[in-house]
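Hello,

My notes on what turned up follow below it.

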Amino acid sequence: MVRYFVVVNAVACAYAIISLVLTLASKGGNKGGLALMITTLDLVILALLSSANGATGGIGLIGIRGNSHVQWKKVCNVFDKFCHQMLAGLVLSVLGSAIFLLLLVISARKLQKTHY
């Protein structure tokens, strides 16, 4: 699950850089098609980030509390440093997802104003 979390965040970061470069590079021409494509891909990236955050949060909760139904013990009392690092990463990722959502809403509103 940690790999999925790291890979999705890396993909989201790379996508944000690419979309920023594309947006800044498109000075004229047909911006509507590019804006629609970027807004659609923003939604896909936001969905990936949300799924990675949810999955990591669920596994992290099992690490903190354990699961008595399947006899899984708590592990964060043993791997304390790792659990704190993952919690910090998860908090930053959720914060980044919220900012990404805000930017998506702003982008969608601008797109709506240009088409309607």
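R3 is exposed, because its relative accessible area of 74% lies over the 50% cut-off. Please keep in mind that this is a predicted model. R3 belongs to helix 1. Its C-alpha atom is separated by 31 Å from that of I106, which is 103 residues away along the chain.

Two other residues were looked at in the same way. G54 sits in helix 2. With a relative accessible area of 47%, G54 is partly exposed, because that value falls between the 20% and 50% limits. Between the C-alpha atoms of G54 and I106 there are 24 Å, with 52 residues separating the two along the chain.

S97 is found in helix 3. Its relative accessibility is 8%, which is under 20%, so S97 counts as buried. Setting aside neighbours within four places in sequence, S97 is in contact with L46, L49 and N53.

Core

The largest nonpolar core is made up of 14 residues. F5, Y15, I45, L49 and F100 are those with the most contacts inside this core. Helix 1 (2-25), helix 2 (31-65) and helix 3 (80-115) are the elements that each give it two or more residues. Which of them gives the most to this core? That is helix 2, with 6 residues.

For I45, the contacts beyond neighbours within four places in sequence are V11, A12, Y15 and F100.

Annotated spans

The UniProt record, an unreviewed entry, carries the annotation "transmembrane region" for residues 6-25 and 87-106. In the model, residues 6-25 are 100% helix and 0% strand, and the C-alpha atoms at the ends of that span lie 29 Å apart. For residues 87-106 the end C-alpha atoms lie 29 Å apart, and the content is again 100% helix and 0% strand. The annotation itself may be inferred rather than shown by experiment.

Pockets

How much space lies in the largest pocket? The figure is about 620 Å³. Its lining consists of 20 residues, and T23, I38, D42, L103 and S107 are the ones nearest the centre. Helix 1, helix 2 and helix 3 are the elements that give two or more residues to this lining. Helix 3 gives the most, with 8 residues. By residue class, the lining of the largest pocket divides into 11 nonpolar, 6 polar and 3 charged.

The second largest pocket has a volume of about 400 Å³. It is lined by 18 residues, and nearest its centre lie I59, G60, C76, C83 and M86. At least two lining residues come from helix 2, and at least two from helix 3. The lining of the second largest pocket divides into 12 nonpolar, 5 polar and 1 charged.

Best regards

Technical notes
Residues are numbered from 1 along each chain as its sequence is written. This is a predicted model: local features need pLDDT of at least 70, side-chain atom pairs count only at pLDDT 80 or more; totals for chains, interfaces and linings use all residues. Side-chain values use heavy atoms; hydrogens and water are left out. A nonpolar core is a set of buried Ala, Val, Leu, Ile, Met, Phe, Trp, Tyr and Cys residues joined through side-chain atoms within 4.5 Å. Buried means under 20% relative accessible area, exposed over 50%, partly exposed in between (1.4 Å probe, protein chains only). Helices (H or I, at least four residues) and strands (E, at least two) are DSSP runs, numbered from the N terminus. Contact means heavy atoms within 4.5 Å. On a 1 Å grid over the protein atoms alone, a cavity is a set of points where a 1.4 Å probe fits but cannot get out, and a pocket is an open set with protein on both sides within 12 Å along at least five of seven lines; lining residues have an atom within 4 Å of a point. Grid points are joined across faces, edges and corners, and a volume is the space filled by probe spheres set on the points. Ala, Val, Leu, Ile, Met, Phe, Trp, Tyr, Cys and Pro count as nonpolar, Asp, Glu, Lys and Arg as charged, and the others, Gly among them, as polar.
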